[in-house]
Amino acid sequence: MKILRTLLRGAGQVMFQGSWWTGLMFLIGIFWGSYATGNPAVGWGALLGLVASTAAGWLLNENPSDGEQGLWGFNGILVGCAFPTFISPDSWLMWVSIVFFAMLSTWVRRGFNNVMAPWKVNSFTFPFVFLTWIFLLAARMFDSLHPAGLSTPALESSFDYSLDCSFVSLVIYWLKGVAQVFLVDSWITGVWFLVGLALCNKWAAIWAGIASAVALGLAILFQTNPHDIANGLFGFSPVLTGIALGMTFYKVNWRSALWALAGIAATFFIQAGMDVLMAPWGIPTLTAPFCVATWLFLLPLFRFTDPHPDHSNWKSKDS
Amino acid sequence: MKILRTLLRGAGQVMFQGSWWTGLMFLIGIFWGSYATGNPAVGWGALLGLVASTAAGWLLNENPSDGEQGLWGFNGILVGCAFPTFISPDSWLMWVSIVFFAMLSTWVRRGFNNVMAPWKVNSFTFPFVFLTWIFLLAARMFDSLHPAGLSTPALESSFDYSLDCSFVSLVIYWLKGVAQVFLVDSWITGVWFLVGLALCNKWAAIWAGIASAVALGLAILFQTNPHDIANGLFGFSPVLTGIALGMTFYKVNWRSALWALAGIAATFFIQAGMDVLMAPWGIPTLTAPFCVATWLFLLPLFRFTDPHPDHSNWKSKDS
Amino acid sequence: MKILRTLLRGAGQVMFQGSWWTGLMFLIGIFWGSYATGNPAVGWGALLGLVASTAAGWLLNENPSDGEQGLWGFNGILVGCAFPTFISPDSWLMWVSIVFFAMLSTWVRRGFNNVMAPWKVNSFTFPFVFLTWIFLLAARMFDSLHPAGLSTPALESSFDYSLDCSFVSLVIYWLKGVAQVFLVDSWITGVWFLVGLALCNKWAAIWAGIASAVALGLAILFQTNPHDIANGLFGFSPVLTGIALGMTFYKVNWRSALWALAGIAATFFIQAGMDVLMAPWGIPTLTAPFCVATWLFLLPLFRFTDPHPDHSNWKSKDS
């Protein structure tokens, strides 16, 4: 049971919630979405990555309190979601790679956190991002692995800006923005995730909702790629930035709320910029825009409240 | 009046001169050049970015002595020069973006400086470079913004090497190298900038002149893109490196002069390398070659004089 | 004689061996390979780079004990190997550039080591990698320099996976993996290098051999580019990672052996990923995959033995 709770907290920590109830809702949402969109390997990959990365923490004798809070597992579960989303699961090498890279994510996280410790920031989901970029780039050179769902490398991508802006559509885009945190393209999964967040902390759910809405509004205002808007691809990084700045690293108040809104807007621009940056390889940005934006807003070390927040690790809010 | 002087020093600090007289000459040069080249939005953008970034410093209660030296404004004024140079000013969203990104530059500078403080180096103009890269990349995905003056993305660019090397042409290239520090393509602006530098410190003007000349010579020796040579695009980063290494972070003497010359040569190679690096996106290098080269020459922490220079912030030379 | 031994140790330190006997074997292997493959400029460039970078250390009054261990020379010798490999040696500007960039590598190494010191890691061969990237990118813009042996920039490279897997061929690929550490495409050179390693420390030779074999096996298992496999291009970075993790920064034991094997596998994936990453410029990865992988495996600061290894500099094993 303790192991099970540790694993579930690992799912919850993707959105900064060290609660196994939240993690359970997230896993349900992932499995629902993966079966609903016809790619069940995403659900099973998530489970495999979660177990492998958590096991790596034990094997390497890392600080067990980190593990119990779920901090070993959140990069691994994302590795497990991403690999079958972009690489066809018909090769056993893909599954072996999930295990290896999920385990890698546990000590790469430790290394990155060591690097960032002097500035009191955390590597967040960047170990997952960095390792998945390596794997997806490498996979383009492997005849044994077959890309599925990666864009075609291109120098410029053009699009016709035409978006269905009916109220129901907008709500679906908004919910998909939340679901895409785990790379799931299903608005029902977004509901599961919001419920999971609310179970742990109402402000987490509120900031996730605000962030997805603000990013959606900016994407429409600046008229970006309508396909990406409709699939929630402008929402997931702002959702994480919103939870991080709005209620995790700063206490909830009016000044930190303005700060979080500026951070959400910055995340939107970084998302668009990185989409263009990575187009020549046809590789997704994953949650890098969230990482970059949140670092930019934590590194100045502004304090809007006392005591000064310690950014080097987030506190478990488990019950 | 105090506010006005703070703003003008912000213009001066782009070339490390915390003098409001210097800043005034720079602003005159920018406005002259922007009207002369038919794009007055550059001048007004510069003013808007300068005001917005300086205001951000006050709003965030940053250390006021920094602000009085003009250190809040120099990234913002460059943001304001760059956006209308590369994005058509016909959209109000471009102007709103100048305000947002200029404000961002103030706290991104603070964050970057926190990161670099342990090695006694400064982020220089890199906050401007980093944020403008994000915006220009993002703008390629925005139907609401229209690139103007950005290159076409390409894997390789070929050119015929044929350059007019008459004495008058060479002087014009040399002066444009100074003017392009603020992205202005006018040799008369280069004269204004040299006068502004000399008003504050004769060595600043001398090193700016030496650097633009050395870079021009190397560009002709290695036969790089003649269009870039003729528009001063190999000069502006070396100019900044020359001022930084030749008289700002080291005392003027023969050993530091050799060091600065090596730094200017390194900046030339980094400029050419980054031009090729960024060709697939058609995005300019901005002053990144200066930042990279100057970091490379400050990080070894060599001391050619006593006392050891403190690189973490440059001293105001205001009168 | 002391100068000669210092220079030879510089050659040896490319593979972490501060022994002048090892360096002598390496130099013989380089000259053999450069004449055997019809490009003698590589051998003479290596010598020139070695001398220039070591001289830079003296000129700058760096800590002489570093120099005597050969730590000034190993980046310079690699610069001298790489420039004539990728740029036609028919221009005198190429030779001047070797001198300038080899000298640069000495203080860029000092700067990078200053940056990395807080985490007890070293810049390894990254000064060489970084500076050679700059030069090769810049050279594409220089009419005065002619690329020779650089790939054509391309967004995607396709290949037919068909590899001669006879035992003799596999042995040749395996030995070329060792030889390519100095960019030499000759299996006989690989023998010279293994002999040189064994002269200094048998474990260095053993780990070099294991690493090249493991990387070769993974490259065949994942079916990567057969041309690269056959020329040892998947071997050289893992060889360096194997020596670094297997016997330089950790004492030889079973736990560190498992760690080194994981590091070798990670280097293989990073090699493939970076090959794709750099394809749009047609620029080689050089030894960057080794640097990145070894950093990733040192930064967590795991200790498998007491006393904790000091990663900030490797100890000379000279006799």
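The following legends describe close-up views of a predicted model.

In this predicted model, local features need pLDDT of at least 70 and side-chain atom pairs count only at pLDDT 80 or more, whereas totals for chains, interfaces and linings use all residues; side-chain values use heavy atoms, with hydrogens and water left out. Residues are numbered from 1 along each chain as its sequence is written, while chains are lettered from A and ligands numbered from 1 in the order in which they are written.

**View 1. Helix 1 and helix 3 of chain A.** Helices are DSSP runs of H or I with at least four residues, numbered from the N terminus. The axes of helix 1 (residues 2-12) of chain A and helix 3 (residues 41-59) of chain A cross at roughly 115° and come within 10 Å. Each axis is a line fitted to C-alpha atoms over the stretch in contact, and angles run from 0 to 180 degrees between N-to-C directions. Helix 1 of chain A and helix 3 of chain A are therefore roughly perpendicular, a term for angles of 65 to 115 degrees. The crossing of helix 1 of chain A with helix 3 of chain A is right-handed, meaning that the near helix is turned clockwise from the far one by less than a right angle. From helix 1 of chain A, A:I3, A:T6, A:L7, A:G10 and A:A11 meet A:L50, A:V51, A:T54 and A:W58 of helix 3 of chain A; contact means heavy atoms within 4.5 Å. The residues of this contact comprise 6 nonpolar, 3 polar and no charged. Here Ala, Val, Leu, Ile, Met, Phe, Trp, Tyr, Cys and Pro count as nonpolar, Asp, Glu, Lys and Arg as charged, and the others, Gly among them, as polar.

**View 2. Helix 1 and helix 2 of chain B.** In chain B, the axes of helix 1 (residues 2-12) and helix 2 (residues 20-36) come within 7 Å, crossing at roughly 70°. Helix 1 of chain B is thus roughly perpendicular to helix 2 of chain B. The crossing of these two helices of chain B is left-handed, with the near helix turned anticlockwise from the far one. Among the residues that meet are B:R5 and B:R9 in helix 1 of chain B and B:W20 and B:F26 in helix 2 of chain B. By class, this contact has 6 nonpolar, 3 polar and 2 charged residues.

**View 3. The interface of chain A with chain C.** In this interface, 34 residues of chain A are in contact with 34 residues of chain C. The area buried between chain A and chain C is about 2900 Å², and carbon and sulfur atoms give 78% of it. Buried area is the accessible area (1.4 Å probe) that two parts lose on being put together, summed over both. On the chain A side, A:W107, A:M141 and A:W281 lose the most area to chain C, together 24% of what that side buries.

**View 4. The rotation relating chain A and chain C.** A rotation of 120° with 0.0 Å of shift along its axis superposes chain A on chain C, with an RMSD of 0.0 Å. The superposition is by least squares on the C-alpha atoms of residues with pLDDT of at least 70 in both copies. The two copies are thus related as by a three-fold rotation axis. In chain A, the C-alpha nearest the axis belongs to A:P280, 4.4 Å from it.

Technical notes:
Angles under 35 degrees count as roughly parallel, over 145 as roughly antiparallel, 65 to 115 as roughly perpendicular and the rest as oblique.
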